[in-house]
Amino acid sequence: MGQSMSRSMRWELHAGGRIHRVSARGLRIGRADDVDLRLVDTLVSRRHAIVRATPLGLSIEDLESRDGVRVNGVRVKGTSPLTHGDRIAICSYEIVVMDADRFRREQAPTESYKAVEAPAESEPAPIREERTGEASIVDVMLGGAEDALARGDAAGCAFALGRALDTLIANERRGGEAPAIVRRYSVCALRAAALLARPEWIDAVVEIHGAKPRVMHAATIDALEGALERLPDYDMTPLRAYVARIEPARGTLPMYERFCFERVRAIFP
């Protein structure tokens with residue numbers, strides 16, 4: 001029993017700048033108040049999935065959720081094994097799987113988080129990172145931004161969001177960043193805009209979505225409406241230009257994207 005517990009406790013799920021350890025009884029993910037990792041998104045089922053650890057390894061089970069579970073972009077059917085560096089996508093959330101022993105040995109993510117709090121003298125140029133299983137710069141920067149926002153650290157949040165913005169826009173122009181990363185950045189940036197009265201983060205979100213261009217996700221629009229409510233004097237010019245750019249393709253958009261686009265258009269008086 002003791003061996004099983006110690007082996008299972010090495011596994012961690014990194015989500016939203018926070019670490020959730022997988023105990024021997026597993027880790028429940030969903031929207032309900034009594035789960036272990038609560039995701040606030042109307043598309044998330046109350047009990048969406050469960051992650052289990054055994055002496056043989058880690059796995060995730062989709063609990064017949066509405067929107068499903070994806071691991072490294074592949075839809076999970078029933079139960080799927082997990083390993084260090086895997087990315088779990090649940091609706092607008094991305095969760096990174098970490099082997100805590102390996103995480104501490106390598107120290108790379110830890111050093112990256114320190115860089116958020118104490119910026120290096122020279123910052124690397126935005127480069128698209130291949131998905132090799134390790135946390136990317138964007139993942140780390142977003143984790144730092146979300147953590148700083150939760151602490152009310154405006155400077156730390158602004159630094160991390162700025163680093164992530166440069167890379168995201170470069171990735172969008174090169175062919176497209178992962179949608180879950182774009183949603184995660186957008187929601188964090190718009191919450192920062194609302195809580196810290198920083199309208200430039202609304203501009204940043206509009207710029208990212210206009211680079212490809214791409215239609216905003218429902219979670220992004222929810223956060224956008226909240227930010228605009230807190231910043232009634234925001235200059236709508238960038239948002240109007242974004243809408244005008246997508247407007248010619250409105251009739252060919254898939255149903256969900258068309259619904260989301262109509263929500264953005266409805267923002268204007």
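Modeller: Buried means under 20% relative accessible area, exposed over 50%, and partly exposed in between (1.4 Å probe, protein chains only). This is a predicted model, where local features need pLDDT of at least 70 and side-chain atom pairs count only at pLDDT 80 or more, while totals for chains, interfaces and linings use all residues. Residues are numbered from 1 along each chain as its sequence is written, and side-chain values use heavy atoms, leaving out hydrogens and water.

Biologist: OK, why does Tyr-256 count as partly exposed?

Modeller: Because its relative accessibility is 39%. Tyr-256 is in helix H10, residues 255-265 (helices are DSSP runs of H or I, at least four residues, numbered from the N terminus).

Biologist: Switching to the inside: which residues touch the most other members of the largest nonpolar core?

Modeller: Leu-161, Tyr-185, Trp-201, Ile-202, Met-216 and Leu-239, out of 50 residues. A core here is a set of buried Ala, Val, Leu, Ile, Met, Phe, Trp, Tyr and Cys residues joined through side-chain atoms within 4.5 Å.

Biologist: And which helix gives the most to this core?

Modeller: H6, with nine residues.

Biologist: What about H9, which residues are buried there?

Modeller: Leu-239, Tyr-242, Val-243 and Ile-246.

Methods:
Helix = DSSP H or I, 4+ residues; strand = E, 2+ residues; numbered from the N terminus.
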